[in-house]
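Hi,

Here is the structure I promised to pass on.

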Amino acid sequence: GTGGEKPPDFHRLALGLVLCTDATVGDDGSVIGDPTEAAFVVLAAKMGVDAEQTREALPRLTEVPFDSAYKFMATFHELPDRMGGLVIRQSHFASVKGAPDVVLQRCEYALWHGEVVPVATVREEILAANRQLSERGLRVLAFAARDLDEEAMTAALADPMAAVTDLVMVALVGIVDPLRTEAKDAVHTALGAGIDVRMITG
């Protein structure tokens, strides 16, 4: 490690991978739902986060379902006390996934080398990483999150779309060939948004 740099916190990404998706993957590897989402569920499992348990512990209070018109999905959850951290400090949070350019437009901050920094200071690096992944033929999605206090969560219940703002970019994830049903093979690489490139392989 250089200068005691912290490794990226993949647990935060893993939560987003399972909360902001609808797919399930059976013990036998069978997929119910979108193969790309299933790949995320498998990746989260490799990081030690079980989709079923996590979704039960952090139920969806409201959502913005994915739509090709706006190219992202958002889910809103209550945060148990024990789980707060760098990005999420309030009582509720939103998990967002979508096209990197779209999600980036809604981000105010980015999780970068273990610190939350203004997104403007790292926007070019994030876009460059997105280009590199795309050029390697990967399908790239961005994951972001934000916390909400009681008042903001009440507003989100009334208008969830309006609450998908002031996000913190958490990671870009690149997937190989999402059309294959073998979701396990589809997961190729996850990049902490600190574009600390760490390969995660099976």
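A term you'll need throughout: I call a residue buried when its relative accessible area is under 20%, exposed when it is over 50%, and partly exposed in between, with a 1.4 Å probe and protein chains only. Keep in mind that this is a predicted model, so local features need pLDDT of at least 70 and side-chain atom pairs count only at pLDDT 80 or more, while totals for chains, interfaces and linings use all residues. Residues are numbered from 1 along each chain as its sequence is written, and side-chain values use heavy atoms, with hydrogens and water left out.

Let's begin with Thr62. By that definition Thr62 is buried, at 16% relative accessible area, and its place is in strand S3, residues 60-64. Leaving aside residues up to four places away in sequence, Thr62 touches Ala74, Thr75, Phe76, Met153, Ala156, Leu157 and Pro160; a contact means heavy atoms within 4.5 Å.

Now the overall picture. The protein has seven helices and 11 strands, and 48% of its 202 residues are buried. Of the contacts with a separation of 6 or more, 66% are between residues 24 or more positions apart. The accessible surface is about 10,000 Å², and carbon and sulfur atoms hold 50% of that (Shrake-Rupley method, 1.4 Å probe; for residues, only the protein chains shown count as cover).

On to the inside. I count as a nonpolar core any set of buried Ala, Val, Leu, Ile, Met, Phe, Trp, Tyr and Cys residues joined through side-chain atoms within 4.5 Å. The largest one has 31 residues, and the members that touch the most others are Phe76, Val96, Ile126, Val164 and Met169. Elements that each supply at least two residues to this core include strand S4 (72-78), strand S5 (92-98), helix H5 (123-135) and strand S8 (139-148). S8 gives the most, with four residues. Another core lies apart from it, with 28 residues, including Leu15, Met47, Phe143 and Val173.

Which charged side chains pair up? There are three salt bridges, taking a side-chain nitrogen of Lys or Arg within 4 Å of a carboxyl oxygen of Asp or Glu. One joins Arg60 and Asp22 at 2.9 Å, N to O. Arg60 is in strand S3 and Asp22 in the loop between helix H1 (10-19) and strand S1 (24-25), so this pair ties together parts 38 residues apart in sequence.

Glu37 lies in helix H2 (residues 35-46) and Lys97 in strand S5, so the pair connects parts 60 residues apart in sequence. Both are buried, Glu37 at 10% relative accessibility and Lys97 at 5%.

Finally, how many disulfides are there? The count is zero, for cysteine sulfur atoms within 2.5 Å of each other. As for individual cysteines, Cys20 is buried at 0% relative accessible area and Cys107 is buried at 3%.

Cheers
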